[in-house]
Amino acid sequence: GGPIVEAIGWRWIFIAQVPLSLAALVMAMVVLRETPRREREPIDLAGAATLALATVSALLALSFGAALGWSSPVVLGLLVLSPISVWAFVRTERRAAHPLLPLAFFRRPNFTPSLVAQFASNFAYMGGFIVTPLLVQDQFGFTVAATSYAMVCRPLSFSLSAPVSGYVASRVGERKAAVVGTSFVVISMGLFALAVVSNTVELVFAGLLLSGLGLGASAPSLVTVVANAVDERDLGVANAAQQMVAQIGTVAGIQVLSTVQGSSSARAPFTAAYLIGGAVALVGVVAATF
C-alpha cells in the first residue's frame, strides 16, 4: 500500500480492492456450503433500532469530540443519548418475544468476559496501529513506503500466530491462551511508550511483533468460548455480538488514541496514547482471567 501511495496515489488503494473483492465473492460462491436455517421468526426491529442508536451516538461523540470540543452541546447530547438508548435496548429485549440479543447470554460465565476482553484488546491493538505509523514517520524519519513495510510486522505475526495459537489453546485451555495473548498486547503498548522515551526504533518493531502475536494468541480462544457459551442455533447471534463489540472497540481505540496523540510530533502525546491503550488492554487481561 505504501509504495502505491507514493508512486500513483491513495485512490488506487481502494481501486485495487475491486478485483480482490470480486475474486473473494467467486471463491465464496464455489467453496462455501450453506448452513441450515433456524425456524422463521420476526426480526426485532425495536431492538435493532435502539442498539443502533446507542452504538452510533457513542461513536459519533468520539468522532466529533476532537473537532467540536468535548463540552460542545452536540457531543454532550450524543454522550447522554447513548446510555439512554442502552437502557431502552435492555427494556426492549426483556419484553421481546424474539429478542435481537437475548440478555440471558450475559449471565453465562464465558460470554460477557470474552466480549470485554475483545473490546479492550481491539481498542489497544487498532488504536496503536493507527498511531504507530505517525510515530515512525515523525520520530524516526520513515517514508510512507518504509512505514508500510514496517507495519507489515503486526498483521503478519497475527496471521502466523492465530492458527498455531488455536491449536495450542485446544491443549492448554482457552483461558490460558487468552490471558497470555491479552498480556502480550499490554506489554506491546509498554514497548511503544518506551520506544518513544528512549528514541529506540527497535522497540517499535518488537512492539509490532508482540501486539500481533498477542491478538493472534487471544482472538481464537475468545471467539471459541463465546461460541461454546450458546446453543448451536444461536451461533449467528453470538458471533454477530462479538463482531460488533470488537469493531466498536476498534473504532473507539482509533478515535481515542488519535485524539490523545493529536497529530503532534512531540513525544509526550505519543507516550500518553500508548499508556492509555495499555491501560485499556489491561482490562482485557482481567476479563480474560474470568
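**Charge pairing and burial in a predicted model**

In this predicted model, the side chains of R233 and D234 meet in a salt bridge, at 3.8 Å from N to O.

Q: Why is the contact between the side chains of R233 and D234 called a salt bridge?
A: The N to O separation of R233 and D234 is 3.8 Å. The criterion requires a side-chain nitrogen of Lys or Arg within 4 Å of a carboxyl oxygen of Asp or Glu. The pair is therefore classed as a salt bridge, since 3.8 Å lies within 4 Å. Side chains of opposite charge can pair when their charged atoms come close.

Q: How many salt bridges does a search of the whole structure find?
A: The search finds one salt bridge.

Q: Why is D234 called buried?
A: D234 has a relative accessible area of 9%. Buried means under 20%, so D234, at 9%, counts as buried.

Q: Where is D234 placed, and which residues does D234 touch?
A: D234 belongs to the loop between α10 (201-228) and α11 (235-261). Leaving aside residues up to four places away in sequence, D234 touches R38 and F105.

Q: What makes R233 partly exposed?
A: The relative accessible area of R233 is 42%. Buried means under 20% and exposed means over 50%, with partly exposed in between; R233, at 42%, is therefore partly exposed.

Q: How do you know whether R95 is buried or exposed?
A: R95 has a relative accessible area of 63%. The cut-off for exposed is over 50%, so R95 is classed as exposed. R95 is located in helix α5 (residues 73-95).

Q: Which residues gather with R95 in a patch of positive charge on the surface?
A: R91, R94 and R107 gather with R95 in this patch. Lys and Arg count as positive, which is why a patch formed by R91, R94, R95 and R107 is described as one of positive charge.

Q: Why is Q139 called buried, and what does Q139 touch?
A: Q139 has a relative accessible area of 18%. Because buried means under 20%, Q139 is assigned to that class. Q139 sits in the loop between α6 (111-138) and α7 (144-151). Not counting residues up to four places away in sequence, Q139 touches L134, N199, S265, A266, R267 and F270.

Q: What makes S72 count as buried?
A: The relative accessibility of S72 is 11%. The limit is under 20%, and S72 therefore counts as buried. S72 is found in the loop between α4 (45-68) and α5.

Q: What separates the C-alpha atoms of S72 and A178?
A: These C-alpha atoms are separated by 39 Å, and S72 and A178 are 106 residues apart along the chain.

Methods:
Residues are numbered from 1 along each chain as its sequence is written. This is a predicted model: local features need pLDDT of at least 70, side-chain atom pairs count only at pLDDT 80 or more; totals for chains, interfaces and linings use all residues. Side-chain values use heavy atoms; hydrogens and water are left out. Patches are made of residues with over 30% relative accessible area and no salt bridge: like charges are joined within 9 Å, nonpolar side chains (Val, Leu, Ile, Met, Phe, Trp, Tyr) within 5 Å. Accessible areas come from the Shrake-Rupley method with a 1.4 Å probe; for residues, only the protein chains shown count as cover. The place of a charge is taken as NZ of Lys, CZ of Arg, CG of Asp or CD of Glu. Helices (H or I, at least four residues) and strands (E, at least two) are DSSP runs, numbered from the N terminus. Buried means under 20% relative accessible area, exposed over 50%, partly exposed in between (1.4 Å probe, protein chains only). Contact means heavy atoms within 4.5 Å.
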